[in-house]
Amino acid sequence: MNSMAVVRADDASKVKIALYDLVRYANLTFSDQARKLEPTFADNILTHIMKSPLRGCCSSAAIVPLEDQASVAIGRLRKIHPPAHVIIVSPRHEIYHELVNYVDILPEIDVNFEQNFGFEAVRETAKETVGV
């Protein structure tokens, strides 16, 4: 594990789609399973790394260890537009070493990396919004 990605979003489906995007479009390699993270803890991680207050809190979050170096992960992440906020945590951050020990006790997220993954949930949400 060379870095970690913390994914924050408004709902769980956006978190799962963002995780899918990290693999499919950013070509990042997960060194372990993605794990569910408490939204308040994810917000605290972001506050700690950015050293500034948040504009809004998230409702769902995940963390995943990456094989990729933090600089590579950040560069690839900039080229895609996932539907969630993704933070790359590197060993340079103080909180990284705490997260390494903490990640193993978190529950795993079942993420199916199938071609049509997550799009049904997005379509259902769109139907509810439009009122169809």
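Where does Asp 68 lie? Asp 68 sits in the loop that runs between β3 (60-66) and α3 (70-77); helices (H or I, at least four residues) and strands (E, at least two) are DSSP runs, numbered from the N terminus. The model is a predicted one, so to speak of local features takes pLDDT of at least 70 and side-chain atom pairs count only at pLDDT 80 or more, while totals for chains, interfaces and linings use all residues. Residues are numbered from 1 along each chain as its sequence is written, and side-chain values use heavy atoms, with hydrogens and water left out.

Asp 68 counts as buried because its relative accessibility is 11% (buried is under 20% relative accessible area, exposed over 50%, partly exposed in between, with a 1.4 Å probe and protein chains only). A polar atom of the Asp 68 side chain lies 2.7 Å from the backbone nitrogen of Thr 29. The side chain of Asp 68 also makes a polar contact, at 3.4 Å, with the side chain of Arg 76. A polar contact here is a pair of N or O atoms within 3.5 Å; within protein, one must be able to donate a hydrogen and the other to accept it, and residues adjacent in sequence count only if both atoms are side-chain atoms. Setting aside neighbours within four places in sequence, Asp 68 is in contact (heavy atoms within 4.5 Å) with Asn 2, Ser 3, Asn 27, Leu 28, Thr 29 and Arg 76.

Now for the sheet. Four strands form an open sheet in the order β2-β3-β1-β4, with antiparallel pairing; two strands pair if DSSP finds at least two bridges between them. At the edges are β2 (35-37) and β4 (85-89), each pairing on one side only. Strand β1 (residues 3-9) runs antiparallel to β4 and is joined to β4 by five bridges. Within this pair, Ala 5 stands opposite Ile 88 in β4. Helix α1 (residues 12-24) packs on the sheet and touches β1, β3 and β4, its direction making about 145 degrees with that of β1. Axes are lines fitted to C-alpha atoms, for helices over the stretch in contact, and angles run from 0 to 180 degrees between N-to-C directions.

Helix α4 (residues 94-103) lies across β1, β2, β3 and β4, at about 80 degrees to β1. Helix α2 (residues 39-50) packs with α4 at about 155 degrees, the axes being 10 Å apart. That makes α2 roughly antiparallel to α4 (angles over 145 degrees; under 35 is roughly parallel, 65 to 115 roughly perpendicular, the rest oblique). Where the two helices meet, Phe 41, Ile 45, His 48 and Ile 49 in α2 face Glu 94, Ile 95, Leu 99 and Tyr 102 in α4.
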